[in-house]
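Biologist: I have not worked with this protein before. Please walk me through it, one residue or element at a time.

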Amino acid sequence: MRPRLVSARGEDARRKPPAPARGRARAKPALVLSLPSETAYLGLVRELTKRMAEVAGFAEPVAERLALAVDEATTNVIEHAYKGASDREIELRYEDRGPDFRVELVDTGQMVDPRAVPRVDLDRFVSERRTGGLGVHLMEKIMDSVTFRRSARRNVCALVKHKDAKDAKDGEASSSR
């Protein structure tokens with residue numbers, strides 16, 4: 001199984017987009033990528049997420065944090081929903097919704113109840129020199145919204161970041177809070 005681009009909508013970020021047809025708003029960039037449930041593709045997930053966030057108007061440091069959150073969510077699918085099986089598929093859906101940047105991860109693995117994930121006590125975590133188990137905590141700290149749902153026998157993890165003026169590159173994003 002190889003990564004495949006399922007669909008893309010929007011304009012190439014290197015070109016100036018054509019003027020929208022009269023009376024119609026220009027579609028925001030969207031991308032759907034399907035990839036194998038292998039950790040070897042996490043670098044691709046990080047790079048693609050960072051680039052999509054930059055195209056959506058986020059400054060590089062913010063885009064890097066968003067990439068970390070999506071990397072953590074993807075790792076959770078591989079390790080927990082798929083129990084490490086490398087023959088499964090993960091679908092990532094990127095969408096610039098104007099005031100929000102949204103990434104959805106879709107999988108067909110075991111449903112993980114986010115309420116069952118223990119809250120992190122960072123002091124104890126550090127004192128015990130533990131590793132792992134910080135994924136959901138990091139995702140919630142980086143993103144404005146992290147939700148989990150089950151739809152048509154598939155798990156959907158939605159990560160949303162609002163565009164604030166302080167997070168924008170060159171003042172591109174507008175404040176939405």
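**Charged pairs, core and fold**

Modeller: Glu91 is buried, with a relative accessible area of 16%. Buried means under 20% relative accessible area, exposed means over 50%, and partly exposed lies in between (1.4 Å probe, protein chains only). The model is a predicted one, in which local features need pLDDT of at least 70 and side-chain atom pairs count only at pLDDT 80 or more, while totals for chains, interfaces and linings use all residues. Residues are numbered from 1 along each chain as its sequence is written, and side-chain values use heavy atoms, with hydrogens and water left out.

Biologist: With which residue does Glu91 form a salt bridge?

Modeller: The partner of Glu91 is Arg93, and their closest N and O atoms are 2.6 Å apart. A salt bridge here is a side-chain nitrogen of Lys or Arg within 4 Å of a carboxyl oxygen of Asp or Glu. Arg93 itself is partly exposed, at 24% relative accessible area.

Biologist: What about Glu95, which residue is its salt-bridge partner?

Modeller: Glu95 pairs with Arg97, with 3.3 Å between the closest N and O atoms. Both residues are partly exposed: Glu95 has a relative accessibility of 25%, and Arg97 has a relative accessible area of 42%.

Biologist: How far apart are Arg51 and Glu54 along helix α1?

Modeller: They are three residues apart in helix α1, so about one helical turn separates them. Helices (H or I, at least four residues) and strands (E, at least two) are DSSP runs, numbered from the N terminus. Arg51 is partly exposed at 38% relative accessible area, whereas Glu54 counts as buried at 15%.

Biologist: Changing topic: how many helices and strands does the chain have?

Modeller: The chain has four helices and six strands. Read from the N terminus, the order is β-β-α-α-β-β-α-α-β-β. Buried residues account for 40% of the 177 residues. Of the contacts (heavy atoms within 4.5 Å) between residues at least 6 apart in sequence, 61% join residues at least 24 apart.

Biologist: Which residues touch the most other members of the largest nonpolar core?

Modeller: Leu66, Leu92, Tyr94, Phe101, Leu105 and Leu159 do, out of 33 residues in that core. At least two residues each come from β2 (30-36), α1 (42-55), α2 (60-81), β3 (89-96), β4 (100-107), α4 (135-142) and β6. Helix α2 gives the largest share, nine residues. A nonpolar core is a set of buried Ala, Val, Leu, Ile, Met, Phe, Trp, Tyr and Cys residues joined through side-chain atoms within 4.5 Å. In soluble globular proteins, nonpolar side chains tend to be buried together.

Biologist: Let us take Phe101. Where is it placed?

Modeller: Phe101 is in strand β4 and is buried, with a relative accessible area of 2%. Leaving aside neighbours within four places in sequence, the contacts of Phe101 include Thr49, Met52, Leu66, Tyr94, Leu159 and Lys161.

Biologist: Thr49 is on that list. With which side chain does the side chain of Thr49 make a polar contact?

Modeller: That side chain belongs to Tyr94, at 2.8 Å. A polar contact is a pair of N or O atoms within 3.5 Å; within protein, one must be able to donate a hydrogen and the other to accept it, and residues adjacent in sequence count only if both atoms are side-chain atoms. Thr49 is in helix α1 and is buried at 0% relative accessible area.

Biologist: And Lys161, where is it found?

Modeller: Lys161 is found in strand β6 (residues 154-162). Lys161 is buried yet has no salt bridge; Asp144, the nearest side chain of opposite charge, is 4.1 Å away. For charge, Lys and Arg count as positive and Asp and Glu as negative, with His and the chain ends not counted. A polar atom of the Lys161 side chain lies 3.1 Å from the backbone oxygen of Ile142.
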